[in-house]
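Please open the model in your viewer and get your selection tool ready. We will go from one stop to the next, with a note on what to look for at each.

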Amino acid sequence: MKQIPLSHLNPGPLSQTANPDHNKEKQWVAGIDVGSRTTKVVILNSGRILASSVLDTGIDAEKAAETALMLARQKAGISKGWPGAVVGTGYGRVSISFLG
């Protein structure tokens, strides 16, 4: 899958590319939007954006969600653990088994 650049987005003053203190806070959260064309993920901790990713959805919505989450976790420097919450939106959210 091809990653789409986010250079046209301005995430605002609360954003940051990585938070070295994210492990001090027990819960980070992820939002996943699976659309017909693109899948987007944002990872937040204490109201701050740690990382995001955008991919072409392709034919496998669940694979796109997993890949986008993995890329965002890598950008945020999160190698272990699971978010305190995961929220799914978009037409493909019903295809994501790990949303429960």
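Start by selecting T39, which lies in strand β2. This is a predicted model, so keep a confidence colouring at hand for later. T39 counts as buried because its relative accessibility is 0%, and buried means under 20%.

Now show what surrounds T39. Setting aside residues up to four places away in sequence, T39 touches I32, D33, V34, S53, V54, L55, T57, A64, A65 and A68.

Next, select I32, V34, V41, I43 and I78. These have the most contacts inside the largest nonpolar core, which has 19 residues. At least two core residues come from each of β1 (29-34), β2 (38-45), β3 (48-56) and α1 (61-76). Colour α1 separately, as its seven residues are the largest share of this core. In soluble globular proteins, nonpolar side chains tend to be buried together.

Stay with I43 for a moment. Beyond its neighbours within four places in sequence, I43 is in contact with residues including W28, R48, L50, L69, A72 and I78.

Finally, colour by pLDDT. The protein averages 78, and 73% of the residues score at least 70. Select residues 1-25, where pLDDT stays under 50; the model has 45 contacts beyond four places in sequence for this stretch.

Conventions
Residues are numbered from 1 along each chain as its sequence is written. This is a predicted model: local features need pLDDT of at least 70, side-chain atom pairs count only at pLDDT 80 or more; totals for chains, interfaces and linings use all residues. Side-chain values use heavy atoms; hydrogens and water are left out. A nonpolar core is a set of buried Ala, Val, Leu, Ile, Met, Phe, Trp, Tyr and Cys residues joined through side-chain atoms within 4.5 Å. Buried means under 20% relative accessible area, exposed over 50%, partly exposed in between (1.4 Å probe, protein chains only). Helices (H or I, at least four residues) and strands (E, at least two) are DSSP runs, numbered from the N terminus. Contact means heavy atoms within 4.5 Å. pLDDT is the predictor's confidence in each residue, from 0 to 100.
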